[in-house]
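Please look over the structure shown here.

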Amino acid sequence: MPLGIIFLGLYLLPTITSLYYSTQRWTLFDTTFVGLDNFIQFLQDPFLLNGVVNTFVYAFLTSGLKVTIGMFLGVLLMSNIKFRGLIRNIIFFPVLVSTIGIGITFQVLMKPDIGVLDGIVRLLGGPDVGILGSPATAIFGVILVDVWKGVGLATVIYLAGLSSIPQEYYEAAKVDGVTGWQNFRHIILPLLQPATNTVIILSLIGGLRSFDLIWAMTGGGPGFASDVLASLIYKQYQSGFFGLSTAGNVAMFVLILLLIVPLNKFLKSREVEV
Amino acid sequence: MRSTKNARWVWGSFALAVSVLVFVVPFAFIALNAAKTREEAQLFSFSWPQHFQAWDNLVAVFEANEFMILRAFTNSIALTVFSVTILVLFAAMASWIIERRGGVAAKLANGLVLIGLMIPPALVPTIFLLQALGIYGTFPSMVLVEIAFNTSFTIMIFRSFISTIPRELDEAAIIDGAGSLQLFFLIVFPLLRPILVTAIILNSVFVFNDFVNPLYFLPGEGTETVQVTLYNFSSQYLTDYNLLFMDILVITIPMVIMFAIFNKRIVAGMTAGAVKG
Amino acid sequence: MKDRRFSKAIALTVAGTLALGVSIAGAPAQAATTITWLTDSGANNLARVNSVVKAFQAKNPTIKVKIVTRPGGSTGDNLVKTKLATGTMSDVFDYNSGALVSALNPAKTIVDVSKESFWQNVYPSYKPAVTVAAKQYGAPFGTAGGGALYYNTKVLAAAGVTSVPKTWNDFIAASQKIKANGVDAICGSFADSWSAQLLVLADYFNVQASVKNFAADYSANKAKFAYVPQALASFSKMEQTFALGLYNKNAATTKYSEIGKLIGAGKCGFYPMGTWFTQDIPAENANEVGLMNLPGTSAKSNGLTVWMPGAMYIAKSSKNLVAAKKLQAFVVTKAGTDAWVKGDVYSGPFMTKDQTAAPAGVPLATKNLASLMKGASSPALEYVSAIKGPHLDSICVQVLTGQVSAKEGAALYDKDVAAQAQQLGIKGW
């Protein structure tokens, strides 16, 4: 398979060599063997813990919200309400726009005082938010935008899943006289499991290693308050700590692996039961 | 039946209003500010431009850096078309084989795909490799890089779809005696249509909106991609928000056109699926 | 060579045979050399670079200079390093001078220009800024500036501050008067974290004024910010200004690009910044915003922390060394600096001896800078030590937003510096 060659050559091979570099002090120009020093130094990073916590919060929250909202919108758009084609297009539109563009725009929209979002909150009688400016809330501001941008994709995946559910199931349910909620809970939800799995795996992995939106909106700030693992690693790379950042990547990979592999098994097992 | 018809309208209108509020308002903000003067755009207010100069801004966006945006469009579109075509074609075949064949090889391939999703690609070793092959910085190598980096994601979405297609369909074809390439293009490919369209749209978005990889793998003059044009108007010290917003709008247009072309097919594909069921 | 191969590839793929035809037609008789120049894509910078290129090409008709742009900020830094490391850099590029140069590993990537004749026209005080291991690697490109305090004269007058504060205590007193008068005392733009470092960076004159060998001891792993009281004071200044609530309320989400209008309109009294900021002050307020030294403990030792101009470098991978050297030598001549001024506004002195242009009608801050330059001064720490911790910006934001104390911030920065020194492989760390 030509694809296999491209993939193995251009992705896997460099990835394996990066394992070697993670044990080197690597300035891109010279390498010096330092054993596990890079890993030790990476684990001693004073902001690592905060970054790990943020990574989990970010990944689980975005993926949870995308599953819930995406499924809701999918079901809604499969029902026979008016304008559903239009609504679907509107929801999907942000997926088409560049992350950098979205980041810049929301940075402006989320400004306190002059920002539109805070204006809406004030209009509803809420306090000044300035969500990106406070160390405690900045990460949640980015999470909101991530969900906003990505929920269209989740919706489309659900729509595809819903459309592949054979009509007989609905018919059978109708004959049995089940109500809407039961219908959803016992028929649609289990049959949607493959779609749910796809959304979970994609958005969870995406969330665990993503940082482009964070980078565009807060740069990990204020200070290091909204840094996630991937942005910390990027900061190392940018500082010229190439070996260190490679070691960080390896550490992140192990972390994701420990999380995703059991989860994948679990999700697959539920699929089979259906 | 009247009441259900009314309900369709009421719920539909309500859902439309909410989605417009949540998803369209930010773009209205972009569009309004894209028509303002530099000074007015700096106020970031949600107001009608006092001095409407959308055309001037559009011209400025196109003229910036000696019409860089035109070169960028050419590069990005060429890159997107080539890499997405190859990627989607091969990924569809690969996922079909992985999903249908089973066994150790498929398990292994599955694991690799998962790894591919998890580890961010290693930039510098990839550059070294391309240099060793003597193709670094060439357009074809950029295509290969985009293909390699998006393989995992594409296979992932194909596989989850293929697993929902009943095996009997293609097994019947094998009994009929169709060869495997023939089988694939005549029988399987049409079945994949809905997910094919999705894969094309998503990969196009990824490749077209990719900022980092072209920056590293496609250096040199005249090779800018559209995302880089955003930096014409935003530097460390100075940001022209009106032009920046205009640029965001302009570089989104190709994706909107692409979406409009394929969108009908998504709907068609889905309805087909529902009816077929 | 790589570039040529690349352009052929793209010509074949995208534009077909047309472009190829042009490249053959362009080859005859007098071989014109084309060199490439990687530079920041910001509009102000491009105007300057274009002006310099135009002047250069007029004098050297056989050389054509192609400008290649890169994003600014951290993305640009990454790109420069990666391009150098992989041998894919353009022929010449302009970049910072000072501590950042040693991270480029110049001995392997940049052409040594120690013996070039253009140095005769360059003030010797510039040399350390581009020196790594006793060799010089770049020619000064741009103007010198300082890290200092901008102030709005009207705001100070309205608050009853009659003279420019000369000590830190006077500065705090003046700030509190301004605050009491209902105006934000200091502008902060912490959304651009780099701009938050200025209170530390610009305070270096005061550090070195009282601790003579700080730079040497710091480079030798003997002096730490957290333990040298005068150095810790730089961090304490951030802590104190935050604790007293002297900043604009939304400093954490305000960007650098918004401050020009704010301080011009008198929305705040002071702004600690580098002198490149002068060009961002609205023209109508140009004579209301002045510049002063960041004050220390004593009025007697009041001086400017000087930023050296960036430099133009030639990549070792360049195949057009002769032409590249011509361009590099040109930017240091009077014609080169004249072209620079023509493409921009005059914002500060050049480091070349034959360029003295200080046109009339410059903004107040530029006039102030000229007189501050004549007084006591010291280069910033990054021009006298090869080690600069990469995360100073984020750490400063932490102190300025009250997430950590001055002492904690200083200790974090010491760790950051140590990590950098270790990565550079400097002995004694």
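## Basis of the values

This is a predicted model, in which local features need pLDDT of at least 70 and side-chain atom pairs count only at pLDDT 80 or more, while totals for chains, interfaces and linings use all residues. Residues are numbered from 1 along each chain as its sequence is written, chains are lettered from A and ligands numbered from 1 in the order in which they are written, and side-chain values use heavy atoms, with hydrogens and water left out.

## The two domains of chain C

The domain assignment of chain C gives domain 1 (32-143 + 309-342) and domain 2 (145-307 + 370-424), with bounds that come from an automatic or database domain assignment. Their centres, taken over C-alpha atoms, are 29 Å apart. Eleven residues from domain 1 of chain C and ten residues from domain 2 of chain C take part in the contact, meaning heavy atoms within 4.5 Å.

Between them the two domains bury about 710 Å², 49% of it on carbon and sulfur atoms; buried area is the accessible area (1.4 Å probe) lost on putting two parts together, summed over both. C:N44, C:A99 and C:S102 supply 45% of the area that domain 1 of chain C buries against domain 2 of chain C.

## A buried threonine in chain B

B:T80 lies in helix α3 (residues 54-101) of chain B, helices being DSSP runs (H or I, at least four residues) numbered from the N terminus. B:T80 is buried, with a relative accessible area of 7%, where buried means under 20% (1.4 Å probe, protein chains only).

A polar atom of the B:T80 side chain lies 2.5 Å from the backbone oxygen of B:S76. Not counting residues up to four places away in sequence, B:T80 touches B:T85, B:S204, B:V207 and B:F208.

Terms used. Helix = DSSP H or I, 4+ residues; strand = E, 2+ residues; numbered from the N terminus. Buried < 20%, exposed > 50% of the residue type's maximum accessible area, 1.4 Å probe, protein only. Polar contact = N/O pair within 3.5 Å; in protein donor to acceptor, adjacent residues only side chain to side chain.
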